[in-house]
Amino acid sequence: MSNTILVVDDEESIRVSLEAALTDEETQVRTASSGVEALRILDSDLVDLVLLDQKLKESEEDGIEVLREIRSRHREIVAIIMTAYGRIDSAVEAIKLGAFQYLTKPVDLDHLKVIISSALSTAHLQRHVDTLQQDVDNLMSPTDVFGPSRKTQELLERVELAASSPTSTVLIRGETGVGKELVARQIHRSSPVAKGPFVDFNCSAVPENLIESELFGHEKGAFTDAKGVKRGLFEMADRGSLFLDEIGEMPMPMQAKLLRVLETKSFRKLGSTVDCRVQVRVIAATNKDLFEEVQKGAFREDLYYRLDVIPIDVPPLRERPEDIPALAEIFVERFSRDLRRSTRKISDGAMEILRSYAWPGNVRELKNMIERLVLLTQSTEILPEHLPASLSGSRRRRTEIEEPRLLFAGEELLTLEEVERAAIVHTLERLKGNKTKAAEVLGISRQTLRSKIRDGDGGGE
Ligand SMILES: Nc1ncnc2c1ncn2[C@@H]1O[C@H](COP(=O)(O)OP(=O)(O)OP(=O)(O)O)[C@@H](O)[C@H]1O
Ligand SMILES: [Mg+2]
């Protein structure tokens, strides 16, 4: 494991001697003579530990303030404060700000090395704990794309295919809530760059004039508000994946710049004169029909083809109804555990209603609804009457009769199919979704009833 230490001291002799003393095969030492310079280095390079002088006389900076700034921008960096004037109150302040140690000068080199090595191992441990915590969180709420339907299984095959060619751009398409982001994360996780960063950016969430500096970063003073150097997301995603969500919302001028990066694998920070090379796999997602956007002139055709190297379509939930019960069960289990509820299962009747609903908000809507049900249902089983009325209501099609009892009361004449449908809906409602009983009452087999319900739903597989 190699480490980078940044020595911040206004006295050149100290910088030079510490650099010489601390550099070895595993340790690289950088130096800065002021807080401003230190922050610039921290913003642009990866540093593990900062050795910071408390009185930066030359630049008239207070080390404690510099420490505060470092901690607010880079929480993961460990800092050790050195001072010529050991004062209890500043020591307390430094430790409160998260400094690892507070040392008085002259610093004994052997002592310093011991402290540095223990600070670094604490930092590594902390990082390790953070990743473990993430793994635990993931175990608690699995984040893999899940679903037994043929369509989801095919989707997973595409995901693996995309993952295995880590330089090609992927374009994920699908309605809202179908799991586009989940797919993007899974592509990253299954790819050779899984250990690298996954950086995500929502093109519609950032004002147009800030997108460029978000993506590419900027030099100090590149524009009025550019106070320091900023690392862009492309740089942060180096050797990893950059997820550009809602790519259809990317403004035209930025589309041209993005195309250039995709083609040259390099970009220029705002206010900089040199190109930065990066190795980033771009995964884009959209719920718009990008091809249509191209036709309308709202999306660049060349960028469209550049992105569309591996297209992945995530089908809407209603086109893979077999996934609904499986997902619903998983969500019930997960939310019952998280919310400490005793809800155990979804009754057959309720499940049938979930299954035949059209889910315009897709998996997200299903997930949110199950969370609400688990939270609000007192019994251990979720029954049809626990479901919101809108669920059974909206599954009816326009041709369906709103009030089956008034079937022949109006002017309108009906087809046999509509009458049959009305009879089924009416019976199921009266019997609280119990299909076995409903089939009995209607004088057909459960199998036939099932297929009639499915046929009536439109868009089934
Ligand atoms: N196949 C799946 N298995 C388990 N959970 C899923 C699945 N698909 C989606 N989800 C869950 O549904 C929610 C919505 O998914 P996600 O955010 O990936 O959708 P999206 O397509 O990016 O939506 P939007 O277009 O609104 O951004 C998330 O909580 C996600 O974990
Ligand atoms: Mg999304």
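**Exercise 1. Locate Thr176 in the predicted model, decide whether Thr176 is buried or exposed, and find which residues it touches.**

Solution. Thr176 sits in the loop between strand E8 and helix H7, where helices (H or I, at least four residues) and strands (E, at least two) are DSSP runs numbered from the N terminus. This is a predicted model, in which local features need pLDDT of at least 70 and side-chain atom pairs count only at pLDDT 80 or more, while totals for chains, interfaces and linings use all residues. Residues are numbered from 1 along each chain as its sequence is written, and chains are lettered from A and ligands numbered from 1 in the order in which they are written.

For burial, the count is of other C-beta atoms, placed from the backbone, within 10 Å of a residue's own: 20 or more makes it buried, 12 or fewer exposed, and anything in between partly exposed. Thr176 has 12 such atoms and is therefore exposed. For contacts, two residues count if their C-beta atoms, placed from the backbone, lie within 7 Å; leaving aside residues up to four places away in sequence, Thr176 touches Asn287, Gly361 and Asn362. Leu103, by contrast, is 73 residues from Thr176 in sequence and 55 Å from it in space, C-alpha to C-alpha.

**Exercise 2. Describe which residues surround ligand 1 and which helices supply them.**

Solution. A residue belongs to the surroundings if its C-beta atom, placed from the backbone, lies within 6 Å of the molecule. There are 16 residues around ligand 1, and the closest are Phe146, Gly179, Lys180, Glu181 and Val363. By class, the shell has six nonpolar, six polar and four charged residues, where Ala, Val, Leu, Ile, Met, Phe, Trp, Tyr, Cys and Pro count as nonpolar, Asp, Glu, Lys and Arg as charged, and the others, Gly among them, as polar. Helix H7 (180-190) and helix H15 each supply at least two residues of this shell.

Turning to H7 itself, its buried residues are Lys180, Val183, Ala184, Gln186, Ile187 and His188. The elements that cover them include helix H6 and strands E8 (170-173), E9 (198-202), E12 (240-245), E15 (280-286) and E16 (310-313).

**Exercise 3. Work out where the buried residues of H15 lie around its axis, and what they pack against.**

Solution. H15 has 15 residues and reaches 21 Å from its first C-alpha to its last, close to the 21 Å expected at 1.5 Å a residue, the expected span being 1.5 Å times one less than the number of residues. Its buried residues are Asn362, Val363, Leu366, Ile370, Leu373 and Val374. Seen down the axis, these fall within an arc of 110°, so they line one face of H15; the arc is that of the directions from the helix axis to the C-beta atoms. On the other side of H15, Leu375 and Leu376 are exposed. The buried residues of H15 pack against helix H13 and strand E18 (381-382).

**Exercise 4. Describe the buried side of H13 and its packing partners.**

Solution. In H13 (residues 323-338), the buried residues are Asp323, Ile324, Leu327, Ala328, Phe331, Val332 and Phe335. They cover an arc of only 155° around the axis, which puts them on the same side of H13. Their packing partners are helix H6 (150-164), strand E17 (345-346), helix H14 (348-356) and helix H15 (362-376). Just after H13, Arg340 takes a positive phi of about 50°.
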